[in-house]
Amino acid sequence: MKAISRRSMVKLSMLGSIAGALGFSSSFGKALAIMPTPSETEGPFYPVNDQRDKDADLTQVDGHAGIARGQHIIVSGQVTDIAGNPIDKVLLDIWQADTNGRYRHPHDPNTAKLDENFQGWAIIRSGTNGLFRFKTVMPGAYPASSTWIRPPHIHFKISRQGYRALTTQMYFPNEALNQTDLLLRNKSAAEQSVMIAQKVNQQGNLPIYEYNIVLDLLHK
């Protein structure tokens, strides 16, 4: 094993003291690695018409016999604070386009056909250990302007008493449109890395994506 010099030991000791002074309860390395999930614009298509069905399965609408078209997926993750502590009972307000790239919004100018069997909007809460999970479809890309095609993404509004409210967008890995998206490109490489979900498993024909959310404390 390579010996650590006395100078390196002194530096590590000083950095550890700084971390302690900042109040991190987890290990120093873990504390440094956790950054709050970056915020992002809400966009123009937050739902404006209330609906009865806002549960965690967006692939079926209560009272409809059919199911949503497109690739069904699972999104799961954990909500924590910047020290890595899980946060339960977090309110997650989730909305997205259907597989055709169309929102359930009266002012969406996209001419693509709306999938009436896609719920489009969910409001759920994180459970024990900050865990959450929902079933949806892979959202379609859609034109934001004549020169800008938005990649597949899911919108989130996240809130919990004592924490800074967060509005953000989750992206998918290996999407070519990520490289040209005006919003995502405006983020640093580190910010992009935590805004892009990771495919972690497959449940039958359902890909499972992991998307973890880190909330900052509400500073007075």
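Mentor: Strands (E, at least two residues) and helices (H or I, at least four) are DSSP runs, counted from the N terminus. Two strands pair if DSSP finds at least two bridges between them. This is a predicted model, where local features need pLDDT of at least 70, side-chain atom pairs count only at pLDDT 80 or more, and totals for chains, interfaces and linings use all residues. Residues are numbered from 1 along each chain as its sequence is written, and side-chain values use heavy atoms, with hydrogens and water left out.

Trainee: How many helices and strands does the protein chain have?

Mentor: The protein chain has four helices and 11 strands.

Trainee: Which residues other than glycine have a positive phi here?

Mentor: The general idea comes before the cases. Most residues other than glycine have a negative phi. Lys 89 is not a glycine, yet its phi is positive, about 60°. Asn 129 is not a glycine either, and its phi is about 65°, again positive.

Trainee: Where do Lys 89 and Asn 129 sit?

Mentor: Find Lys 89 in the loop between strand 1 and strand 2. Asn 129 belongs to the loop between strand 3 and strand 4.

Trainee: Is Lys 89 buried or exposed?

Mentor: The cut-offs use relative accessible area: buried is under 20%, exposed is over 50%, and partly exposed is in between (1.4 Å probe, protein chains only). Lys 89 is exposed, because its relative accessible area is 53%. Asn 129 has 46%, so it counts as partly exposed.

Trainee: What share of the protein chain is buried?

Mentor: Of its 220 residues, 42% are buried.

Trainee: How many residues of strand 1 are buried?

Mentor: Strand 1 spans residues 72–81. Nine of its 10 residues are buried, so strand 1 is largely enclosed by the rest of the structure.

Trainee: Which strands pair with strand 1?

Mentor: Take the antiparallel case to begin with. Strand 4 (residues 131–137) pairs with strand 1 over seven bridges in the antiparallel sense. There, Ile 73 has Thr 136 of strand 4 as its bridge partner. Strand 10 pairs with strand 1 in the parallel sense, over three bridges. Glu 210 of strand 10 is the bridge partner of Ser 76. Strand 11 (residues 213–215) is also parallel to strand 1, with three bridges.

Trainee: What share of the contacts joins residues at least 24 apart?

Mentor: Contact means heavy atoms within 4.5 Å. Among contacts between residues at least 6 apart in sequence, 72% join residues at least 24 apart.
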